[in-house]
Amino acid sequence: MSPRAPRLRFPLLVNGILLLATAMPAQEGVIGERIADGLWHEKVDIPSGATAHLVWVEMGPDLLLWDPLFPVGVRALAGSTPATVAHRAWRYVVAPRPPLANWSDGCDLRGATLVTHPSVNISAEQAQAAAVGSHLTLDGWLRLQGGGQVVEVHALGQDVASAELVLFLPEQKMFLSGRQGADWSTALDGSSRGWKPGTSAEAQEVGSLRGSKVAIEMAAGQRPQLVFVGSRRSAEEMAQLKKLAPNVDYRAVASRSAAMQHAGQAHGVEAGFLSSEFLRVAPQLRWVQAGGAGVERYLADPALRDNQRIVFANMKATHGPAIADHAFAMLLTLTRRLRFHEDALRRQRWDRGSSLRPEALHGKTMLVVGLGGIGHEVARRARGFGMTVLATTRSPKPVPDYVDRLGLAADFEAMLPQADVVAICVPLTPETAGMFGRGEFAAMKKGSYLINVARGRICDSAALAAALVSGHLGGACLDVTDPEPLPAGHALWKAPNLVLTPHVSGRAEATHERKRVLFAENMRRFAAGEGLLNVVDKAAGY
């Protein structure tokens, strides 16, 4: 292999002319210059006398093509077929500038996703003529990952005259623009501003590609007609889904019995309409989408759990911000002794509570048990309060900058006595059921607090009530219980220093929006034969 090209700070390809990166020696039989690992450049002269500078990125088995004079590059590569392009599918084709009116003539995108500026109008007839798999109008920016490559696409300009899509490759520190004097500082600043609502990039921030699986394999350019059975949605949502997944027949139903009428044709279904009978008569079923994070009740059915053909996805992490906010609201109710002041408010008394001993979270230690979608959000907030953050995870992973120490499940018992606050954020699995009992509560610091926003069955409710009554625990914050609903007369109702809510921590307008974005992106991926987000590991249970 040729030596790696030196990496410069923000090399630029501006107007297809200035390329401040050392091209690697060309390999025999390969058209194009390799300017970095998996990154290629080719100059193509066109009859008008102009020159098209094309860049394509190897993203695993697929390619991303950046074509500043779109569709010149698409046609050129189709004609020359470089060794780096042959036998690979174009997953994304980025058109930085508005194409000519007749751009689709003789253009074959091979079923790729065409990414354009919002000011560009692509008709259905043009898309069909050019074999466009799906059309993504980018308002803001998105991040694409694959094969170890990371590519950011940023939309600049507000109209056709100023429209521009630029590429930024953070690993190679490269910025690519097809326009002289592009505002690269604005593009890079977009990274710090966060995701624009409605883009697939937002879904990739909410969702996870870890363990991603394709529900239905498709050859390049193939888009079979599919059927999805789901709940009723607004006209706006339905229009968006139709645009993102034109080859999916979305059949809206309101009950399991209504869903059964479509089971024989269904390729996908919302988990809420699932039953053993549905699974038995749905031979084409390949995708089940859960509406929440917890999936234990669905995996109890071996017809789903043991069927390797069906990809099961959930909504983990969509609830994370709301649940984390709720967890700290409950915790602060106890640590700041807010109930005393609430009672004084009802009695219309200005009582400062001279005997109260409110606590500050700053300087205390929190243990987040389960650093998943919810656990990450809880840990971020704990760091914001100035706490030392410990966390456990099932498998090794990079340590976030807001976590001081990350241990594995085997480290849980050693970390438990160090915490002033313990937040349970693990999913309910056979391994986590009954994880907290009399022994674990006894091992916690005297006066410490417990938060459970996961599942009630992870805690022994009787043992928890006893730990509160004895005063060993300073308090507990529960959004879930075992049993649930908590029956009248249960010991927890009378336990001191308890904040209890009826499994509502995930409710928020932001949660609904995050779910909507994730579902829409998974629908697009389902229709295009791409790997789904938030795929459940059926063996692990989450």
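Which residues in helix 10 meet which residues in helix 12? The first legend answers this, after an overview of the chain.

**Overview. The predicted model as a whole.** This is a predicted model, in which local features need pLDDT of at least 70 and side-chain atom pairs count only at pLDDT 80 or more, while totals for chains, interfaces and linings use all residues. Residues are numbered from 1 along each chain as its sequence is written, and side-chain values use heavy atoms, with hydrogens and water left out. The protein chain has 16 helices and 25 strands, taken as DSSP runs numbered from the N terminus (helices are H or I with at least four residues, strands are E with at least two). Of its 542 residues, 53% are buried, where buried means under 20% relative accessible area, exposed over 50% and partly exposed in between, with a 1.4 Å probe and protein chains only. Among the contacts in the protein chain with a separation of 6 or more, 55% come from residues 24 or more positions apart; contact means heavy atoms within 4.5 Å.

**View A. The contact of helix 10 with helix 12.** From helix 10, the residues G320, P321, I323, A324, D325 and F328 meet G373, I374, E377, V378, R381 and A382 of helix 12. By class, this contact has 7 nonpolar, 2 polar and 3 charged residues (Ala, Val, Leu, Ile, Met, Phe, Trp, Tyr, Cys and Pro count as nonpolar, Asp, Glu, Lys and Arg as charged, and the others, Gly among them, as polar). The axes of helix 10 (residues 320–335) and helix 12 (residues 373–384) come within 8 Å and cross at roughly 50°, which makes helix 10 oblique to helix 12. Axes are lines fitted to C-alpha atoms, for helices over the stretch in contact, with angles from 0 to 180 degrees between N-to-C directions; angles under 35 degrees count as roughly parallel, over 145 as roughly antiparallel, 65 to 115 as roughly perpendicular and the rest as oblique.

View B. H319 is found in the loop between strand 18 (311–313) and helix 10, and because its relative accessibility is 13%, H319 counts as buried. Not counting residues up to four places away in sequence, H319 touches G291, G292, A293, G506, T511 and K515.

**View C. The contact of helix 5 with helix 16.** The axes of helix 5 (residues 235–244) and helix 16 (residues 509–528) come within 9 Å and cross at roughly 30°, so helix 5 is roughly parallel to helix 16. E237, Q240, L241 and L244 in helix 5 meet R516, F519, A520, M523 and R524 in helix 16, and the residues of this contact divide into 5 nonpolar, 1 polar and 3 charged.

View D. The structure holds 10 aromatic pairs, in which rings of Phe, Tyr and Trp (its six-membered ring) have centres within 6.5 Å, with planes under 30 degrees apart counted as stacked, over 60 as edge-to-face and the rest as tilted. The rings of F70 and W103 have their centres 5.3 Å apart and their planes at 45°, so this pair is tilted. F70 and W103 are both buried. Elsewhere, F228, Y250, W287, F519 and F526 form one aromatic cluster.

View E. S212 lies in the loop between helix 4 (200–206) and strand 14 (226–231), and counts as partly exposed because its relative accessibility is 29%. The C-alpha atoms of S212 and E530 are separated by 8.9 Å, although these residues are 318 residues apart along the chain. Not counting residues up to four places away in sequence, S212 touches G531, L532 and V535.
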